[in-house]
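The following exercises are to be worked through with the sequence and the 3D structure in view. Each task is followed by a solution in steps.

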Amino acid sequence: MASSNSASPPKAASSPPQPHQTRKATDPFDRDDADLIIRASDSVDFHVHRLILSLASPVFAGMLTFPQPPGTDPDRPVVDVLEDSETLDNFLRVLYPIPDPAMRSLPVIRKVLAAGVKYDAAAVVMGAKRALVLPHVVKNDPLGVFAIACLFEAEAEAKVAAEEAVMSGRVSELARGSSNVLDEISAGAYYRLLKLDRSRKDGSSAKTSTQSNLDFSGVLPFCEGRSKRSSTRQPIPSVTEPFNAPDADLILRSSDSVDFRVLRVIISYASPTFIQQLCPFDIAKGSTSTDEPSLPVYTMTEDSVVVDTLLRMLYPMAHNLPGAADLDLFLDVLEAAHKYALKKVEKLMRETQMILRIKITYPLKLYFSSIKCGAEKEARESAAAIVKNNDVSTIQQQYVPGMETTPAGPYRRLLLYTNQCSAVASASHLLSPGVVICLPSGSTLSYTNSGSSGYWEKYYPSAFHSDAAPKRLKNFFFHARKDLEKRPTGDILSRPWSAKAQILIRHTLDGLPIQIPPEELAFKYTTEEAIAWAFQVLDCFAKQVDVAVAKVKLEIVG
């Protein structure tokens, strides 16, 4: 009898894994006389010639000198790259003595330009830049061209694109919408584009403007790199204790070439990722002494004043925070503390009164600093302070150096936020100043319960929309809403005896009836009562405006 536990039939042996399938590129990158294969990220093999690549690209020339791994065909080695086949095909066609490719779309041009920069292929960079400013490309998407030009610091191309964007009205359209086409460039480059847009002659039509209408003075260059807008601080005269200690095992070199001799253990305790974020410079001597061991050198992007202040705060020693006399230094140190994950230092700095002081006096500086530090609450508070303390039209005219190291996205969203605040502040608001009027004597008058037939309600209404005010007040509310459009804060209304308060009081007292029905004389407001009503209207109007503006949300991330 067969056992119930008889063995199951054997499984078929699994087939060995198939090698990754590749295919040859098209002519002329499929020639048999090639001596190198470049494999694109999508597994397309380009059969090319080392001599051409070596002449065109120092990076490829260096790569070809590296020893090849075992099993590599010495006559035709394979080099894997991250670029896809479309990008690589365009890249190589520019290098080879054949007609240049027709790069017609911005995504393709951008990828080819990036490859040209990456491999230091000057011919490819020049070819991609030429394609970038072809008339049909620029006219179709000048803002897209401007963005790519700024990202790759192609100044001449950025200027061509900026001119077309301004003349065609694209910049103005961008300011009113939510397009993120420029969000990758620096806020500084976007600021300069907006400045150029404002330079057009008043009343000129975007359709008929000419080049003479644009004023490039004070605008160029559009896309200066961070290195060209470096700190203007003078380097510290000399490094003092404890950063000149002979027992140091590490050198931190500032952007202005000042060396700080530090202990790795202290840096590592303060932030495990500090050293990982730095660029190893070289194995260098810490001094001119020939018998001193070599120390590793790491370069920092911060200047010596910032580095010295930062290190003193993380070392176990007495230190002073940057004072009110140098708010820029305070923010630079704060950003560096966040960048290098020095949590204790950052927390200490954020708990000081300096943050509040900067928020009040320089909210735009704090906004960009907060964006870089990921402090969303602080960024929103700074944005609110910007709106409260500035006319909307002047906000986009303000410049701070932090724009050069912050993407344009947060800047564009800040400007959009200010426009939204302006819109809600100047909209119609339901005002309910209340029916109870406080009299100078301390007593009160409630005209709705006083026996009046409602005669005085049309002169001193208890509730009305700001766009449907009593006739004698319409002019006041019209101009008040215009002013709120410029500066969307209730402060311009509610300050005692402000210009707006005085105007409303004058309008309140003017235009009252000359002949009053006898039965209504008992309910006639005194001058004091009328003024009290006017102040309640102002106070209510200001509160409604501030409530509406507070509901506008700043989008930190697009």
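The model is a predicted one, in which local features need pLDDT of at least 70 and side-chain atom pairs count only at pLDDT 80 or more, while totals for chains, interfaces and linings use all residues. Residues are numbered from 1 along each chain as its sequence is written, and side-chain values use heavy atoms, with hydrogens and water left out.

**Exercise 1. Determine whether Arg 472 is buried or exposed.**

Step 1. Recall the classes: buried means under 20% relative accessible area, exposed over 50%, and partly exposed in between, with a 1.4 Å probe and protein chains only.

Step 2. The relative accessible area of Arg 472 is 15%, so this residue is buried.

Step 3. Locate Tyr 459 as well: Arg 472 and Tyr 459 are 13 residues apart in sequence, and their C-alpha atoms are 8.6 Å apart in space.

**Exercise 2. Classify the ring pair of Phe 464 and Phe 477.**

Step 1. A pair of aromatic rings is described by the distance of the centres and the angle of the planes. Rings of Phe, Tyr and Trp (its six-membered ring) pair if their centres lie within 6.5 Å; planes under 30 degrees apart count as stacked, over 60 as edge-to-face and the rest as tilted.

Step 2. The structure holds 17 aromatic pairs. In the pair of Phe 464 and Phe 477, the centres are 5.7 Å apart and the planes stand at 80°, so the pair is edge-to-face.

Step 3. Phe 464 belongs to strand E12 (residues 464-465) and Phe 477 to helix H20 (residues 474-486). Both Phe 464 and Phe 477 are buried.

Step 4. Ring pairs join Phe 464, Phe 476, Phe 477, Trp 533 and Phe 541 into a cluster.

**Exercise 3. Describe the open sheet of 4 strands and the pairing of E2.**

Step 1. Strands of a sheet pair through backbone hydrogen bonds, either parallel or antiparallel. Two strands are counted as paired if DSSP finds at least two bridges between them.

Step 2. The order is E1-E3-E2-E4, with mixed pairing. The edge strands are E1 (23-24) and E4, each of which pairs on one side only.

Step 3. E2 (residues 36-39) and E3 (residues 44-48) pair in the antiparallel sense over 4 bridges, and Ile 37 stands opposite His 47 in E3. Their hairpin has 4 residues between the strands, and in it Ser 43 takes a positive phi near 65°.

Step 4. With E4 (residues 78-80), E2 pairs in the parallel sense over 3 bridges. In E4, Val 78 is the bridge partner of Ile 37, and Asp 80 is that of Arg 39.

**Exercise 4. State how H13 and H16 are oriented to each other.**

Step 1. Axes are lines fitted to C-alpha atoms, for helices over the stretch in contact, and angles run from 0 to 180 degrees between N-to-C directions. Angles under 35 degrees count as roughly parallel, over 145 as roughly antiparallel, 65 to 115 as roughly perpendicular and the rest as oblique.

Step 2. H13 (residues 327-339) and H16 (residues 363-373) pack at an angle of about 10°, with axes 9 Å apart. The two helices, H13 and H16, are therefore roughly parallel to each other.
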